[in-house]
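Here is a short report on strands, aromatic rings and charges over rings. Read it with the model in view.

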Amino acid sequence: MSPIAQPNLPNRLDLPLRLGALLVLVAGLGLGLFTLSSALGIWVGAWDWRTGLGILRMANSAGVFVFWACLIAGLLVVLMSTLLTHSDKNRLAVYVLVGVLSAGAGYGVPESFRPPEGVNYPMIHDISTNTDYPPQFVDVLPLRGDDSNSVVYGGAENVTAEELAALTREAYPDLTERVYAERHADVYRRALNAVEELGWDVVSADFDSRRIEATDTTLWFRFKDDIVITFGTRSNDVVVNARSTSRVGVGDVGANATRLRRFFDLLDAQ
(Lines give C-alpha, C1' and ligand atoms only; values in the text may rest on other atoms or scores of the structure.)
Protein backbone atom coordinates (compact mmCIF):
# COMPACT_ATOMS: atom_id res chain seq x y z
CA MET A 1 0.00 0.00 0.00
CA SER A 2 1.37 3.34 -0.98
CA PRO A 3 1.81 5.84 1.85
CA ILE A 4 -0.81 8.58 2.26
CA ALA A 5 0.48 11.90 0.90
CA GLN A 6 1.08 14.46 3.64
CA PRO A 7 0.59 18.21 3.07
CA ASN A 8 3.65 20.41 3.03
CA LEU A 9 3.38 22.11 6.45
CA PRO A 10 5.62 25.14 5.69
CA ASN A 11 3.64 25.89 2.51
CA ARG A 12 0.36 25.67 4.39
CA LEU A 13 1.64 28.21 6.94
CA ASP A 14 3.01 30.64 4.37
CA LEU A 15 -0.21 32.59 3.88
CA PRO A 16 -1.20 32.69 7.60
CA LEU A 17 2.27 33.99 8.50
CA ARG A 18 2.13 36.70 5.88
CA LEU A 19 -1.39 37.70 6.87
CA GLY A 20 -0.43 37.70 10.55
CA ALA A 21 2.52 40.01 9.93
CA LEU A 22 0.40 42.35 7.82
CA LEU A 23 -2.35 42.44 10.45
CA VAL A 24 0.18 43.35 13.12
CA LEU A 25 1.55 46.08 10.85
CA VAL A 26 -1.87 47.50 9.97
CA ALA A 27 -3.25 47.32 13.51
CA GLY A 28 -0.13 48.88 15.04
CA LEU A 29 0.09 51.67 12.48
CA GLY A 30 -3.65 52.25 12.80
CA LEU A 31 -3.44 52.74 16.56
CA GLY A 32 -0.34 54.91 16.26
CA LEU A 33 -1.92 57.16 13.62
CA PHE A 34 -5.18 57.35 15.57
CA THR A 35 -3.31 58.53 18.65
CA LEU A 36 -1.28 60.99 16.57
CA SER A 37 -4.46 62.41 15.07
CA SER A 38 -5.57 63.58 18.53
CA ALA A 39 -2.81 66.17 18.50
CA LEU A 40 -2.40 66.62 14.74
CA GLY A 41 -6.00 67.75 14.37
CA ILE A 42 -5.42 70.47 16.97
CA TRP A 43 -2.14 71.56 15.34
CA VAL A 44 -3.76 72.09 11.94
CA GLY A 45 -7.01 73.51 13.32
CA ALA A 46 -9.21 70.60 12.24
CA TRP A 47 -10.77 70.34 15.72
CA ASP A 48 -10.45 71.81 19.19
CA TRP A 49 -8.78 70.47 22.30
CA ARG A 50 -11.98 68.79 23.52
CA THR A 51 -12.12 66.57 20.42
CA GLY A 52 -8.39 65.90 20.71
CA LEU A 53 -8.73 64.77 24.30
CA GLY A 54 -11.71 62.60 23.34
CA ILE A 55 -9.65 60.84 20.67
CA LEU A 56 -6.83 60.33 23.16
CA ARG A 57 -9.23 58.75 25.66
CA MET A 58 -10.49 56.34 22.98
CA ALA A 59 -6.91 55.49 22.04
CA ASN A 60 -6.14 54.82 25.68
CA SER A 61 -9.16 52.53 26.08
CA ALA A 62 -8.41 50.47 22.98
CA GLY A 63 -4.64 50.77 23.07
CA VAL A 64 -3.92 48.18 25.73
CA PHE A 65 -5.80 45.46 23.80
CA VAL A 66 -4.31 46.40 20.42
CA PHE A 67 -0.78 46.56 21.79
CA TRP A 68 -0.85 43.19 23.52
CA ALA A 69 -2.57 41.56 20.56
CA CYS A 70 0.11 42.94 18.22
CA LEU A 71 2.89 41.86 20.55
CA ILE A 72 1.65 38.30 21.02
CA ALA A 73 0.72 37.78 17.38
CA GLY A 74 3.98 39.35 16.26
CA LEU A 75 6.07 37.09 18.45
CA LEU A 76 4.24 34.03 17.09
CA VAL A 77 4.85 35.15 13.52
CA VAL A 78 8.56 35.77 14.11
CA LEU A 79 9.00 32.51 16.02
CA MET A 80 7.19 30.36 13.44
CA SER A 81 8.85 32.00 10.45
CA THR A 82 12.25 31.46 12.06
CA LEU A 83 11.61 27.82 12.97
CA LEU A 84 10.30 27.08 9.48
CA THR A 85 13.10 29.10 7.85
CA HIS A 86 10.54 31.09 5.93
CA SER A 87 12.04 32.61 2.78
CA ASP A 88 10.62 36.03 3.70
CA LYS A 89 11.21 35.87 7.45
CA ASN A 90 13.24 39.09 7.55
CA ARG A 91 10.51 41.08 5.85
CA LEU A 92 7.88 39.59 8.14
CA ALA A 93 10.03 40.52 11.13
CA VAL A 94 10.23 44.13 9.90
CA TYR A 95 6.44 44.28 9.52
CA VAL A 96 6.05 42.96 13.04
CA LEU A 97 8.64 45.33 14.49
CA VAL A 98 7.06 48.40 12.89
CA GLY A 99 3.59 47.30 13.95
CA VAL A 100 4.53 46.57 17.55
CA LEU A 101 6.52 49.79 17.94
CA SER A 102 3.66 51.83 16.48
CA ALA A 103 1.16 50.09 18.76
CA GLY A 104 3.45 50.71 21.72
CA ALA A 105 3.63 54.41 20.93
CA GLY A 106 -0.10 54.57 20.28
CA TYR A 107 -0.76 53.03 23.67
CA GLY A 108 2.09 54.65 25.59
CA VAL A 109 1.33 58.27 24.72
CA PRO A 110 -2.24 58.37 26.10
CA GLU A 111 -1.19 56.17 29.01
CA SER A 112 1.43 58.76 29.97
CA PHE A 113 -1.39 61.25 30.62
CA ARG A 114 -2.91 59.02 33.27
CA PRO A 115 -1.99 59.83 36.87
CA PRO A 116 0.18 57.35 38.80
CA GLU A 117 -1.57 54.54 40.62
CA GLY A 118 -3.32 55.85 43.71
CA VAL A 119 -2.90 59.52 42.78
CA ASN A 120 -6.03 61.60 42.21
CA TYR A 121 -5.30 65.07 40.90
CA PRO A 122 -7.95 67.71 41.67
CA MET A 123 -9.84 69.20 38.72
CA ILE A 124 -7.95 72.49 38.79
CA HIS A 125 -5.55 74.15 36.36
CA ASP A 126 -4.31 77.28 38.20
CA ILE A 127 -1.54 76.65 40.72
CA SER A 128 0.03 79.37 42.87
CA THR A 129 2.59 79.22 45.67
CA ASN A 130 0.72 82.06 47.35
CA THR A 131 -2.97 81.24 47.54
CA ASP A 132 -3.86 84.34 49.57
CA TYR A 133 -2.28 86.85 47.18
CA PRO A 134 -1.54 84.96 43.97
CA PRO A 135 0.82 86.70 41.51
CA GLN A 136 -1.09 88.53 38.78
CA PHE A 137 -0.57 88.26 35.04
CA VAL A 138 0.05 91.49 33.15
CA ASP A 139 2.14 91.26 29.98
CA VAL A 140 0.93 87.81 29.00
CA LEU A 141 -2.73 88.86 28.89
CA PRO A 142 -2.71 90.10 25.24
CA LEU A 143 -1.43 86.67 24.16
CA ARG A 144 -4.38 84.80 25.63
CA GLY A 145 -7.31 84.31 23.25
CA ASP A 146 -10.92 85.11 24.00
CA ASP A 147 -11.62 81.42 24.61
CA SER A 148 -8.84 81.09 27.20
CA ASN A 149 -9.53 80.34 30.83
CA SER A 150 -9.97 83.28 33.15
CA VAL A 151 -6.82 84.53 34.87
CA VAL A 152 -8.89 85.56 37.88
CA TYR A 153 -7.80 83.29 40.70
CA GLY A 154 -10.77 81.03 41.39
CA GLY A 155 -12.51 82.34 38.28
CA ALA A 156 -13.27 78.90 36.85
CA GLU A 157 -16.88 77.77 36.80
CA ASN A 158 -16.18 74.67 38.87
CA VAL A 159 -14.32 76.23 41.79
CA THR A 160 -14.19 79.37 43.93
CA ALA A 161 -11.01 81.10 45.08
CA GLU A 162 -11.34 79.57 48.54
CA GLU A 163 -11.92 76.09 47.12
CA LEU A 164 -9.02 76.47 44.69
CA ALA A 165 -6.70 77.50 47.52
CA ALA A 166 -7.81 74.58 49.69
CA LEU A 167 -7.43 72.06 46.85
CA THR A 168 -3.98 73.41 46.02
CA ARG A 169 -2.74 73.19 49.61
CA GLU A 170 -4.11 69.67 49.96
CA ALA A 171 -2.78 68.29 46.67
CA TYR A 172 0.52 70.21 46.50
CA PRO A 173 1.61 71.10 50.06
CA ASP A 174 5.23 71.47 48.91
CA LEU A 175 4.41 74.35 46.59
CA THR A 176 4.87 77.34 48.85
CA GLU A 177 6.79 80.58 48.56
CA ARG A 178 10.56 80.35 48.68
CA VAL A 179 12.71 82.63 50.82
CA TYR A 180 16.35 83.40 49.99
CA ALA A 181 18.85 85.30 52.13
CA GLU A 182 20.47 86.82 49.05
CA ARG A 183 20.44 89.96 46.96
CA HIS A 184 17.47 90.57 44.68
CA ALA A 185 19.72 90.78 41.65
CA ASP A 186 21.27 87.38 42.31
CA VAL A 187 17.96 85.59 42.87
CA TYR A 188 16.42 87.30 39.83
CA ARG A 189 19.34 86.29 37.62
CA ARG A 190 19.11 82.66 38.77
CA ALA A 191 15.36 82.63 38.20
CA LEU A 192 15.73 83.98 34.68
CA ASN A 193 18.41 81.38 33.97
CA ALA A 194 16.06 78.64 35.20
CA VAL A 195 13.24 79.91 32.97
CA GLU A 196 15.52 79.89 29.94
CA GLU A 197 16.91 76.46 30.78
CA LEU A 198 13.38 75.08 30.97
CA GLY A 199 12.76 76.34 27.45
CA TRP A 200 9.91 78.67 28.35
CA ASP A 201 9.22 81.63 26.06
CA VAL A 202 9.97 84.77 28.06
CA VAL A 203 7.14 87.28 27.56
CA SER A 204 8.59 89.92 29.86
CA ALA A 205 11.46 90.13 32.31
CA ASP A 206 11.63 93.38 34.28
CA PHE A 207 13.96 93.53 37.24
CA ASP A 208 12.64 96.93 38.32
CA SER A 209 9.10 95.57 38.71
CA ARG A 210 10.47 92.33 40.19
CA ARG A 211 8.57 90.02 37.89
CA ILE A 212 9.01 87.53 35.05
CA GLU A 213 6.23 86.32 32.79
CA ALA A 214 6.64 83.39 30.42
CA THR A 215 4.74 80.81 28.37
CA ASP A 216 5.41 77.09 28.23
CA THR A 217 4.21 74.97 25.30
CA THR A 218 3.30 71.38 26.12
CA LEU A 219 4.90 68.64 24.07
CA TRP A 220 1.96 66.65 22.71
CA PHE A 221 -1.02 68.95 22.26
CA ARG A 222 1.08 72.14 22.02
CA PHE A 223 -1.07 73.75 24.68
CA LYS A 224 0.07 77.15 25.92
CA ASP A 225 0.39 77.50 29.70
CA ASP A 226 1.41 80.80 31.30
CA ILE A 227 3.71 81.45 34.24
CA VAL A 228 4.32 84.56 36.35
CA ILE A 229 7.14 84.82 38.91
CA THR A 230 7.38 87.63 41.45
CA PHE A 231 10.14 88.73 43.83
CA GLY A 232 9.13 90.33 47.11
CA THR A 233 11.00 91.43 50.22
CA ARG A 234 10.71 90.26 53.80
CA SER A 235 13.22 91.85 56.19
CA ASN A 236 16.48 91.34 54.29
CA ASP A 237 15.31 88.25 52.42
CA VAL A 238 13.93 87.76 48.92
CA VAL A 239 10.54 86.05 48.70
CA VAL A 240 9.82 84.28 45.42
CA ASN A 241 6.31 83.29 44.40
CA ALA A 242 5.19 81.68 41.16
CA ARG A 243 1.92 80.86 39.48
CA SER A 244 1.25 78.59 36.50
CA THR A 245 -2.10 78.34 34.74
CA SER A 246 -3.47 76.55 31.68
CA ARG A 247 -5.13 78.55 28.93
CA VAL A 248 -7.63 75.77 28.16
CA GLY A 249 -9.10 72.82 29.98
CA VAL A 250 -10.44 72.21 33.47
CA GLY A 251 -8.02 69.75 35.09
CA ASP A 252 -4.31 69.70 34.26
CA VAL A 253 -3.37 66.23 35.63
CA GLY A 254 -0.73 67.89 37.80
CA ALA A 255 1.07 69.59 34.90
CA ASN A 256 1.19 73.09 36.38
CA ALA A 257 2.41 71.84 39.74
CA THR A 258 5.11 69.78 38.04
CA ARG A 259 6.16 72.84 36.05
CA LEU A 260 6.59 74.94 39.20
CA ARG A 261 8.51 72.18 40.95
CA ARG A 262 10.95 71.96 38.04
CA PHE A 263 11.45 75.72 38.16
CA PHE A 264 12.19 75.82 41.89
CA ASP A 265 14.44 72.78 41.64
CA LEU A 266 16.57 74.60 39.06
CA LEU A 267 16.45 77.84 41.03
CA ASP A 268 17.71 76.09 44.17
CA ALA A 269 20.35 74.10 42.31
CA GLN A 270 22.17 77.13 40.92
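## A covered strand

Strand β4 (residues 211-217) is mostly covered, with 7 of its 7 residues buried. Buried means under 20% relative accessible area; exposed is over 50%, and partly exposed lies in between (1.4 Å probe, protein chains only). Strands are DSSP E runs of at least two residues, helices are H or I runs of at least four, and both are numbered from the N terminus. Cover extends to both faces of β4. R211, E213, T215 and T217 are buried on one side. I212, A214 and D216 are buried on the other.

This is a predicted model: local features need pLDDT of at least 70, side-chain atom pairs count only at pLDDT 80 or more, and totals for chains, interfaces and linings use all residues. Residues are numbered from 1 along each chain as its sequence is written, and side-chain values use heavy atoms, with hydrogens and water left out.

## Partners of β4

Strand β3 (residues 201-206) pairs with β4 in the antiparallel sense, over 5 bridges. Pairing requires that DSSP finds at least two bridges between the strands. A205 has I212 in β4 as its bridge partner. The hairpin of β3 and β4 has 4 residues between the strands, and R210 there takes a positive phi near 55°.

Strand β5 (residues 224-234) also runs antiparallel to β4, joined by 7 bridges. Here I212 stands opposite I229. The β4 and β5 hairpin has 6 residues between its strands. R222 in that turn has a positive phi of about 60°.

## Aromatic pairs

How many aromatic pairs does the structure hold? There are 9 aromatic pairs. Rings of Phe, Tyr and Trp (its six-membered ring) pair if their centres lie within 6.5 Å; planes under 30 degrees apart are stacked, over 60 edge-to-face, and the rest tilted. F67 and Y107 have ring centres 6.1 Å apart and planes at 15°, so they are stacked. F67 lies in helix α2 (residues 49-83) and Y107 in helix α3 (residues 89-112), so the pair ties together parts that are 40 residues apart in sequence. F67 is buried, at 17% relative accessible area. Ring pairs link F67, W68 and Y107 into a cluster.

F221 and F223 form a stacked pair, 5.1 Å centre to centre with 15° between the planes. Both F221 and F223 are buried.

## Charges over rings

R210 has its charged end over the ring of F207, 4.2 Å from the centre. A charge counts if NZ of Lys or CZ of Arg is within 6 Å of the ring centre and within 35 degrees of the ring normal. R178 lies over the face of F264, at 4.3 Å from the ring centre.
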